[in-house]
Amino acid sequence: MLTLGDIIQATIGTETKGLPGSERPIRDVVIDSRQAGPDCLFVGLKGASVDGSDFADDAIAKGAVAVIVSRAPAGAAQVWTRDAAAASITPPIALVVPDTLWALQELAAYWRRRMTVRVVGVTGSVGKTVTKELTASVLSRRYVTLRNEGNLNNEIGLPLTLLKVTPKTEYAVLEMGMYALGEIARLAEIALPSVGVVTNVEPVHLERLGTIERIAQAKSELVQALPADGVAVLNGDDPRVRAMAALTKARVFTYGLTPDCDLYATDIESQGLEGIRFRLHYRGEAIHARAALLGTHSVHTALAAAAVALNEGLSWQEIMAGLMDVSAQLRLIATPAIRGALILDDTYNASPKSTIAALNLLAELKGRRIAVLGDMLELGALEDEGHRKVARRAIEVVSRLITVGKRGRIIGEEALACGMSPENVVIVDTNQDAIRILSEWIQEGDIILVKGSRGMHMEDIVKALRAS
Ligand SMILES: Nc1ncnc2c1ncn2[C@@H]1O[C@H](COP(=O)(O)OP(=O)(O)OP(=O)(O)O)[C@@H](O)[C@H]1O
Ligand SMILES: [Mg+2]
């Protein structure tokens, strides 16, 4: 277990071996002082409006034995700064550092290097979280496996996850998100992945990176960081991902829908809300497979998870069992709604690729199909075309459409322009408006897809119409 001595060594750089008090164990690492408790480490991170270091005394009052801060709190019994020395360690201690986030990352990197855990990094524009979840589910059929919770995939979430690794942890499957070039390289520097999965490169977050080539460059940082005895697991159906093979020292393993991939799938059938069926082809063998994930697009998620597991030596039996793990379905969740209707809740995020994938699933389901589609954010120059493309798929699938937000309006107007009748298209500004209209419309047997970017908070619509 992480100790006080480890924290001082990793963040201050002072050797603490044999120092009285250095073996004191740390039971948890928190960045929110409200979650502090006995024997925890509190890290005061600078936020947009608040500085976490201001809450160090609260954390100490709750039992924190160490705080990493930018200035010493009154409640610390001992203050450590760079190159400080002392005859013993007297908690609660304050470690005063110039950059508390950097210190948290350095602590995670230090701890990771003391663990024998094998790290699998997962990145890509779309499908990181579901791929991370399914890969962890499959690997956990044989190994003690850790994963980052939910979407904790950034410069804070990943280090916090690594600090949960114990000597018993055999695998850590870590989603790696980014806002800018260099961020995935930094996450890889901390986590030292041996396996790297790249799901796809899409014009998601185009607004931030400007061009799709720069998005590809940012995603390729994971495979560039892999060691020569590592494995780069690449989606062979995506030419920008396939091209990353030239950028890695590691062995390359491709997955996809064509025989020129090391692992490929054919005969993909959606079983609606029961998941998907497909045939896997590997080294001349063909195996029937099923996955609990919804929608034919999920075959790529299943392929990525199976590809990692195959390279890590799991059996087909373990892989098949893992692919049927429903807990990996963190997106596109079927939720019973009022009056015997069903909601497809896909409100966590949205891009043209994932929205069209969700509409494709909706198209397979029986019942009156309604779509509630909100803004897709950060598409940059592709914003207009992205929303119109979604509209053109929606009119092929649904009998009624509600759009939410000013970019959602583009979808509604395009649907009308493509001939959808005005009584079946409603363009609104807020989730509240959508809830009001849906409450009037919903009938038994309806299937309602609700989807939009995180910033739209369309989960409020699901909450309001969920069957109680
Ligand atoms: N291969 C795919 N093709 C199309 N849509 C996909 C694919 N994989 C997942 N999706 C859909 O994309 C959406 C996002 O999935 P997920 O949250 O796993 O992505 P992410 O990359 O983790 O996103 P974020 O950048 O927000 O962390 C979900 O609606 C999911 O159903
Ligand atoms: Mg994610």
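User: How far is an oxygen atom of ligand 1 from an N or O atom in the side chain of Thr129?

Analyst: A polar contact is a pair of N or O atoms within 3.5 Å. In this predicted model, the distance from an oxygen atom of ligand 1 to an N or O atom in the side chain of Thr129 is 2.8 Å. Asp346 places a polar side-chain atom 2.7 Å from an oxygen atom of ligand 1, and for an N or O atom in the side chain of Lys451 the distance to a ligand oxygen is 2.9 Å.

User: How much of ligand 1 does the protein bury?

Analyst: The size of an interface is often given as the accessible area lost when the parts come together. Ligand 1 exposes 640 Å² when taken alone, and the protein buries 91% of that (Shrake-Rupley method, 1.4 Å probe).

User: Which residues around ligand 1 come nearest, and which helices and domains supply the shell?

Analyst: There are 21 residues around ligand 1, of which Lys128, Thr129, Arg331, Asp346 and Lys451 come nearest (a heavy atom within 4 Å counts as near). The shell consists of 5 nonpolar, 10 polar and 6 charged residues, with Gly counted among the polar ones and Tyr, Cys and Pro among the nonpolar ones. At least two shell residues come from each of helix H4 (128-139) and helix H12 (352-364), helices being DSSP runs of H or I with at least four residues and strands runs of E with at least two. Domain 2 (115-328) and domain 3 (333-465) each give at least three residues to this shell, the bounds coming from an automatic or database domain assignment.

User: Where does the second largest pocket lie, and which residues line it?

Analyst: Rolling a probe the size of a water molecule over the atoms shows where empty space is left. The second largest pocket holds about 230 Å³ of space, and among its 13 lining residues Met1, Ile26, Arg27, Leu163 and Lys164 are the closest to its centre. On a 1 Å grid over the protein atoms alone, a pocket is an open set of points where a 1.4 Å probe fits, with protein on both sides within 12 Å along at least five of seven lines, and lining residues have an atom within 4 Å of a point; the volume is the space filled by probe spheres set on the points. Its lining divides into 9 nonpolar, 1 polar and 3 charged residues. Because domain 1 (4-99) and domain 2 (115-328) both contribute to that lining, the pocket lies between them.

User: What is the backbone like at Pro92 and at Leu332?

Analyst: Most residues other than glycine have a negative phi, and most peptide bonds are trans. The bond from Pro91 to Pro92 is cis, and Pro92 sits in the loop between strand E4 (78-80) and strand E5 (93-96). Leu332, not a glycine, has a positive phi of about 50°, in the loop between helix H11 (316-323) and strand E15 (333-336).

User: How are the names and limits set?

Analyst: Residues are numbered from 1 along each chain as its sequence is written, while chains are lettered from A and ligands numbered from 1 in the order in which they are written. Local features need pLDDT of at least 70 and side-chain atom pairs 80 or more, whereas totals for chains, interfaces and linings use all residues, and side-chain values use heavy atoms, without hydrogens and water.

Notes: Polar contact = N/O pair within 3.5 Å; in protein donor to acceptor, adjacent residues only side chain to side chain.
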